[in-house]
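Hi,

Here is the structure I promised to pass on. Have a look at it first, and then read my notes below.

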Amino acid sequence: MILALLLALIPRIEIVAANDVRVTYRELLPRRVALDSNTRTYHFKGCPQVRQGEEWVSPAAATLRGFHRHTCVGGDEYVTKTEARAPRDSAHIGVLFIGNSLTYFNEMPKMTSAIATNERRPLLVEQVTMSGASLEDLWLQTDAPKRIWEEHWDWLPSATKSACFPSAARGAANSIGTASIQTSSVRI
Ligand SMILES: [Zn+2]
């Protein structure tokens with residue numbers, strides 16, 4: 001249980017640097033282990049018992065295939081990427097829904113789009129959702145931080161268990177020019 005909590009606190013995406021045209025972020029790589037078919041054990045990267053040519057799979061797949069874990073331990077590995085941000089789009093209002101089933105179950109993004117069909121600046125609506133998630137979960141376990149920075153959203157509406165955006169999200173929104181932060185949405 002404690003391990004699960006610790007794992008949950010490791011962010012999948014971390015913004016390293018960003019400006020108006022590009023964003024640099026670190027992304028957590030999925031864990032992989034090497035299968036030793038002679039001893040029926042699996043090893044994490046860096047273990048001296050890893051040999052060339054061994055098959056690399058997820059720890060869960062190794063367990064399902066009947067391999068046992070060696071005493072070695074694996075660390076978290078990140079890859080750093082830099083991407084161009086989409087150019088600002090003054091012809092549309094960009095809306096990125098960040099939420100859980102409260103957002104997707106009633107198709108809120110689709111409904112919002114439909115309501116705004118005849119607006120002078122049509123809405124471009126996308127979403128990052130995860131079942132049962134709080135905003136903190138969405139921030140740490142999905143690619144929401146990256147999605148926020150890849151484009152220039154006008155609104156980030158959210159309906160989750162949390163009352164407001166986590167401090168990390170609030171910081172990111174502020175640094176890209178937040179005009180105001182409401183209880184459940186960020187105007188940027
Ligand atoms: Zn090992």
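A quick definition before the sheet: two strands count as paired if DSSP finds at least two bridges between them. Helices (H or I, at least four residues) and strands (E, at least two) are DSSP runs, numbered from the N terminus. Mind that this is a predicted model, where local features need pLDDT of at least 70, side-chain atom pairs count only at pLDDT 80 or more, and totals for chains, interfaces and linings use all residues. Residue numbers start from 1 along each chain as its sequence is written.

By that count the protein has seven helices and twelve strands. Four of the strands make an open sheet with mixed pairing, in the order E5-E3-E4-E6. E5 (56-57) and E6 (68-69) are the edge strands, each pairing on one side only. E3 (residues 33-36) runs antiparallel to E4 (residues 41-44), with four bridges between them; Asp36 has Thr41 in E4 as its bridge partner.

Then there's the E1/E2 hairpin, which has three residues between its strands. E1 and E2 pair in the antiparallel sense over five bridges, and Ile15 is bridged to Tyr25 in E2. Glu14 is also in E1. Leaving aside neighbours within four places in sequence, Glu14 is in contact (C-beta atoms, placed from the backbone, within 7 Å) with Tyr25 and Arg26.

Is Glu14 buried, exposed or partly exposed? Buried means 20 or more other C-beta atoms within 10 Å of a residue's own, exposed means 12 or fewer, and partly exposed is in between. Glu14 counts as partly exposed because it has 17 C-beta neighbours inside 10 Å. Across the protein, buried residues make up 22% of the 188 residues.

On to the nonpolar cores, meaning sets of buried Ala, Val, Leu, Ile, Met, Phe, Trp, Tyr and Cys residues joined through C-beta atoms within 7 Å. The largest has 20 residues, of which Leu96, Ile98, Leu138, Ala144 and Ile148 touch the most other members. E1 (13-18), E2 (22-28), E8 (93-99), E9 (123-129), H5 (135-141) and H6 (144-150) each supply at least two residues of this core. A second, separate core has five residues, including Val33, Tyr42, Ala62 and Phe67.

Cheers

Terms used. Two residues are in contact if their C-beta atoms, placed from the backbone, lie within 7 Å.
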